[in-house]
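Please consult the sequence and structure below before reading on.

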Number of protein chains: 2
Amino acid sequence: MPLSDRLLLGPGPSNPYPEVAEAFARPLLGHLDPEFLAILDETCDRLRSVFRTSNALTLPISGTGSAGMEACFVNLVEPGDTVIIGVNGVFGERMCEVARRCGTEVVRVDAEWGTEIDPQRLLDAQRSYPHSRVLAVVHAETSTGVENDIAPLRALSETETLLLVDAVTSLAGIPVEVDGWGIDACYSGTQKCLSVPPGLSPVTFSPRAVERVNTRSTPPQSWYLDLGLIGDYVGSARKYHHTAPTAMVVALHAGLGAVLEEGLEESWARHRSVGTRLQESLVELGFSLIAPPTRRLPQLTSTRLPEGRAEATLRKELLMGYGIEVGAGLGAFAGVAWRVGLMGHSARDRSVTTLLGALREIL
Amino acid sequence: MPLSDRLLLGPGPSNPYPEVAEAFARPLLGHLDPEFLAILDETCDRLRSVFRTSNALTLPISGTGSAGMEACFVNLVEPGDTVIIGVNGVFGERMCEVARRCGTEVVRVDAEWGTEIDPQRLLDAQRSYPHSRVLAVVHAETSTGVENDIAPLRALSETETLLLVDAVTSLAGIPVEVDGWGIDACYSGTQKCLSVPPGLSPVTFSPRAVERVNTRSTPPQSWYLDLGLIGDYVGSARKYHHTAPTAMVVALHAGLGAVLEEGLEESWARHRSVGTRLQESLVELGFSLIAPPTRRLPQLTSTRLPEGRAEATLRKELLMGYGIEVGAGLGAFAGVAWRVGLMGHSARDRSVTTLLGALREIL
């Protein structure tokens, strides 16, 4: 009989908070039920708290994190626009592909995988392309475990270029300051540090991003992800757009409740504490860490295996023998590295103890 | 204390099958876990059974039914293509808007809301535009309760025009014969006659639709809905695209299991039986039915209220006093009609008895 109650220590999904499992057990509500709409409103309020923003347009998109990425681009850009994108991993690459499919000219600012992007290089690129519509960067690169520094990009608020940030893996795991850092558009996912199953993408747009949406010369190429129309349902107009995924929204509401009950700062501190312990212990076991110390994410550790160890075999042994999931390397690190997540409810000392115990038995 | 365990008799969501609620209580699996991938494979097989197709490309899109609609258009058409769309309700209108945002020329074949579209008129339109890329029509118009006849459109398989069908409200409620009717692309939703919460959209593409996708001159404008990329994850390549909404897929797997255990023909018969009983009883209570008898959907009844009754007041009384949700009229029928759904697990004689009992008490 398989150990199918996994300890989820990959790059997402993480194990849901118990409150999330309870929420799924509640009777299903319709998408126009006043009781559901009250939960939806409170979910948006809770999202504002975790995003640290007062943005009115803050809501869960009915798709996974990649749908949130696409929603940001299709609403903010028009064909022929120039966008600047920082690329140091899979998700920066993905942004380029999504932006190209919107008919934009993409200016890349590349950094080696496993290193950070110098924010000054991004600002310099903006000076070279002062009319660029958007500058986009991934905050926590899930493919490498590196944190890109967002705060200095606040300088973009003095320009006509909007700042778009991917906070899929960072939100609730490390500080994300949407208003404090002058972020104009930010998207995340539910299955990382919010510990809700995958399926929704929290998104927030600043007033100047909303202004941009309202002054488009063409409608967004996606009807499903049109934030003007979605905002008319989530906002006070309550105009039907598509059938909201009510069970998932109620689950997100519960996950956000768990985060805020613990406290956002406390959640960041917990992720920092268990991540540091894991990283120090992995080095003792002969693993080597990919991300540089100053830019290393606590919630997502990318690591090369001890000399002579085949990553797939060892990973399978963890899953089949112990019910522990860790992630394979992605892109440039496929076949040579692991990605170990300690996110949300999975970010516990007990998870570290369990993983280290299993590794010691196997190695 | 509110009666929040609703009897869901609106146009969706319906009450989930008990097996679906059980599935949500299972521990969460990762999107690359072999155990999850086996469930995903079986989910696609079950979808083939309910779609009555052998199409290899059959899978759940990670979004609601409207995402499935958009996925079909963005993959099948390119800017400048001509598409023919039958319009006799909200969802035909929505197809036109989605197609326009793909840069296509839309040829409309309109019929009055509440009536069916004569399939001969659609075939005539195709003869006038023989190079049209797609002819699209809604099978069960959720906004009016009317069934459009799809079988005669099989004749399109002799032309170069692909047949695209919206089966959101029809799938598992009335016969849908993807292979038998020569449908090239079909999408549905989970929250109607499959009785799974909203959040996924089952989609199936025929070999000639896949051929069309493979010979595009430009990539689909949506990266998130790119069926070539999604197929590489769901198919044997298992190439990561986006994080699949694993909890929802496991729930869909369970819902499809319930449908197939009962038997698809038995499910159709049950929907027919309870729908007919409801419709006859509503007429006795002074309601009048909108859809014509021969084209009336059993699973979704559109009805005008007895003379002098305000629909919103009565609907609110049902919800607040009895915990019964019915739907308001949409589009042309807003403010003057109801839409009563008897779908999936909600399609029971007990539901009819409960609704009629409540209506008799209120009226």
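What is the mean pLDDT of chain A, and what share of its residues reach 70 or more? In this predicted model, chain A has a mean pLDDT of 97, and 99% of its residues reach 70 or more. For the complex, the predictor gives an ipTM of 0.97 and a pTM of 0.98.

**Symmetry of the two chains**

- Chain A is superposed on chain B by a rotation of 180 degrees, with 0.0 Å of shift along the axis and an RMSD of 0.0 Å.
- The two copies are therefore related as by a two-fold rotation axis.
- Both copies use the same surface, since 100% of the contact residues of chain A recur in chain B.
- Among the residues of chain A, Gly63(A) comes closest to the rotation axis, with its C-alpha at 2.6 Å.

**The sheet of chain A**

- An open sheet of 7 strands is present in chain A, with mixed pairing and the order S2-S10-S9-S8-S5-S3-S4.
- Strand S2 (57-61) and strand S4 (105-110) of chain A are the edge strands, each pairing on one side only.
- From one strand to the next, the twist averages 15 degrees.

**Strand pairing and helix packing**

- Strand S3 (residues 82-87) and strand S5 (residues 134-138) of chain A run parallel and are joined by 3 bridges.
- Ile84(A) stands opposite Leu135(A), which lies in S5(A).
- Helix H2 (residues 34-51) of chain A packs on the sheet, where it touches S2, strand S9 (185-187) and strand S10 (201-205) of chain A.
- The direction of helix H2 of chain A makes about 105 degrees with that of S2(A).

Note on methods: Residues numbered from 1 in each chain as written. Chains lettered and ligands numbered in written order. Predicted model: local features only at pLDDT ≥ 70, side-chain atom pairs only at ≥ 80, totals over all residues. Least-squares fit on C-alpha atoms with pLDDT ≥ 70 in both. Contact = placed C-beta atoms within 7 Å. pLDDT = per-residue confidence, 0-100. Pairing = 2+ DSSP bridges. Helix = DSSP H or I, 4+ residues; strand = E, 2+ residues; numbered from the N terminus. Axes fitted to C-alpha atoms, helices over the stretch in contact; angles between N-to-C directions.
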